[in-house]
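I opened a notebook page for this chain and wrote down what I looked up, entry by entry, with the cut-offs beside each term.

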Amino acid sequence: MGAARARVKASEIDGDTFLFPIAIAHWLKAVPAAAIFLGQIRGLGGGAARFGLGQSALGFGGQIGTVGHGMGSFARCLLIYARSIIQQGSAMPPPTPRAAAAHLLDQILGEHRQMADLLATGALGRLDAPDRARAQRLATQTLRGLERADRVLARHLRKPPPLPVMNILRLGTVELCLGGDAHGVVNDCVGLVAGTKRFVSLKGLVNAVLRKVAASGPAEWAILRVPHLPKWLRAPLCEAYGAKSVAGFEAAHFAGAPLDLTPEGDAEAVAQAVGGTVLPTGSVRVRDAGQVSVLPGYEAGDWWVQDAAAALPARLLGAQPGEAVLDMCAAPGGKTLQLAATGADVTALDISDARMARVRENLARTGLSAKLVTGDARTHEGRYDAILLDAPCSATGTIRRHPDLPHARDGSEIGDLIALQTAMLDHALGLLKPDGRLVYCTCSLLPDEGECQVEEALSRHRDLSTDRAALDLPGIEPDWITEEGGLRLRPDYWADLGGMDGFYMALLRH
């Protein structure tokens with residue numbers, strides 16, 4: 001084994017890094033157990049140092065230098081720790097919902113990762129369903145109120161502490177200002193910091209600050225302004241819609257979103273079963289829904305989760321029984337289900353195998369059918385009566401549901417997205433049969449990804465036109481219709497009903 005160690009490349013290890021050498025798994029002859037151990041550490045959130053599992057917890061302190069992936073001293077210490085876990089025959093306990101929420105905040109605000117990606121890769125995988133829901137709720141509440149939390153905390157901090165500690169303070173501040181139990185919130189947040197090696201010295205700061213927030217924070221919170229969007233997004237939105245309208249968007253974002261369902265059958269029956277109301281466009285809205293999978297009709301496939309705005313493009317397309325219909329960029333499948341429910345011959349196309357798995361699951365649950373194809377929309381071949389292109393976009397219309405987006409992104413990707421949308425739209429138009437029709441839509445508030453795309457497509461394709469008559473749908477207000485013949489939906493619409501996602505759509509015909 002000595003010769004093997006000599007060939008292994010050394011790695012730099014510092015207090016922010018946790019390496020679990022592959023050699024440990026081989027030495028133990030228990031790869032699954034070792035992998036579980038590593039997964040448990042990752043599941044706790046952040047780097048191992050944050051939870052006392054890094055080098056400083058092992059008494060090294062400072063920079064170690066180089067340790068090979070063979071049997072260096074660091075690896076030996078980890079091996080002893082791993083063996084103890086495995087020999088005990090018991091898994092490490094899962095993180096608390098607050099610890100998991102703090103981890104999500106660290107990843108979103110520190111690493112600029114999106115919540116959906118974190119959830120898809122198992123960030124909350126070790127929690128049971130109620131705790132997963134609570135962790136996600138705590139994180140989203142904190143992201144929605146981030147500006148207010150920072151303003152409340154600024155009164156009690158001379159300078160911001162390291163980001164993981166600041167995020168725990170933010171988490172606690174939002175809970176306290178929204179009426180959380182002061183004793184429980186403060187103690188748990190102090191415990192999160194005390195459980196680390198890097199930041200244990202700051203537990204007194206966290207205790208003192210949050211006790212002050214518990215006393216004065218709720219009153220301060222109530223008089224602070226509605227949190228603003230970051231400048232990279234607020235500036236172009238103000239230019240497009242005006243500051244007053246954007247303030248309405250921000251109010252809708254801060255309020256969050258209720259649960260919207262698309263019924264496969266009778267909307268009134270679904271609304272009665274789940275305790276919801278039928279919206280003007282036919283979707284069912286449920287407030288304070290709780291865990292979705294326990295709502296009546298979920299297992300039977302009577303409905304699926306889909307924002308009321310996101311349900312309109314498929315209705316605009318008006319698929320008919322027996323028509324060949326393509327749903328481009330189909331995942332997670334809400335529009336595919338709508339199209340399949342019409343009796344059309346539906347092909348669902350998406351570039352991601354992982355995302356397409358969700359489409360397959362939703363089809364199975366609802367008992368609907370569609371042909372699933374994994375591939376690039378720009379090279380797909382076929383001939384269709386109707387196409388729904390929900391193009392990749394900045395998703396800036398979904399912030400009321402996804403408050404992580406303004407923090408995980410900076411707008412630098414929008415130029416590439418616009419070019420991709422253009423390429424997809426031009427290719428999709430070439431897949432239509434004579435007299436075919438296409439709905440182009442994006443869940444973006446930026447006109448460059450909506451109105452401007454359709455205007456430019458009309459100028460490139462002289463035989464192309466928008467079908468304004470198709471916009472005569474239940475619940476559609478005339479002033480939502482745009483100059484070029486599309487439909488612009490905004491978060492501040494239906495303010496008294498709970499708002500809607502921002503969306504743009506247009507029906508195009510040759």
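Predicted model: local features only at pLDDT ≥ 70, side-chain atom pairs only at ≥ 80, totals over all residues.

**Entry 1: a histidine and its setting**

His183 belongs to helix α10 (helices are DSSP runs of H or I with at least four residues, strands are runs of E with at least two, and both are numbered from the N terminus). Between the C-alpha atoms of His183 and Arg211 I read 8.8 Å, for a sequence separation of 28 residues.

**Entry 2: the helix pair**

Two packed helices are described by the angle between their axes and the distance between the axes. For helix α9 (residues 163-177) and helix α10 (residues 182-194), I found axes that come within 10 Å and cross at roughly 175°; axes here are lines fitted to C-alpha atoms, for helices over the stretch in contact, and angles run from 0 to 180 degrees between N-to-C directions. α9 and α10 are therefore roughly antiparallel to each other (angles over 145 degrees count as roughly antiparallel, under 35 as roughly parallel, 65 to 115 as roughly perpendicular and the rest as oblique).

On the α9 side I listed Ile168, Gly172, Glu175 and Leu176, which meet Ala182, Val185, Val186, Cys189, Leu192 and Val193 in α10 (contact means heavy atoms within 4.5 Å). The residues of this contact divide into eight nonpolar, one polar and one charged; Ala, Val, Leu, Ile, Met, Phe, Trp, Tyr, Cys and Pro count as nonpolar, Asp, Glu, Lys and Arg as charged, and the others, Gly among them, as polar.

**Entry 3: rings**

How many aromatic pairs does a search of the whole structure find? I found four, where rings of Phe, Tyr and Trp (its six-membered ring) pair if their centres lie within 6.5 Å, and planes under 30 degrees apart count as stacked, over 60 as edge-to-face and the rest as tilted. Tyr241 and Phe249 form an edge-to-face pair, at 5.3 Å centre to centre and 75° between the planes, and both Tyr241 and Phe249 are buried. The pair of Tyr298 and Trp303 is tilted, because the planes lie at 55°, with the ring centres 5.8 Å apart. Tyr298 is partly exposed at 23% relative accessible area, whereas Trp303 is buried at 1%. Ring pairs also link Trp480, Tyr493 and Trp494 into a cluster.

I then looked for charges over rings (NZ of Lys or CZ of Arg within 6 Å of the ring centre and within 35 degrees of the ring normal). Arg365 lies over the face of Tyr298, 4.3 Å from the ring centre, and its charged end also sits over the ring of Trp303, 5.8 Å from the centre.

**Entry 4: a glutamine**

Gln338 is in helix α16 (residues 334-340) and counts as buried at 9% relative accessibility. Leaving out residues up to four places away in sequence, I found that Gln338 touches Thr262, Trp304, Gln306, Ala310, Ala311, Ala314 and Arg315.

Terms used
Residues numbered from 1 in each chain as written. Heavy atoms only, no water. Buried < 20%, exposed > 50% of the residue type's maximum accessible area, 1.4 Å probe, protein only.
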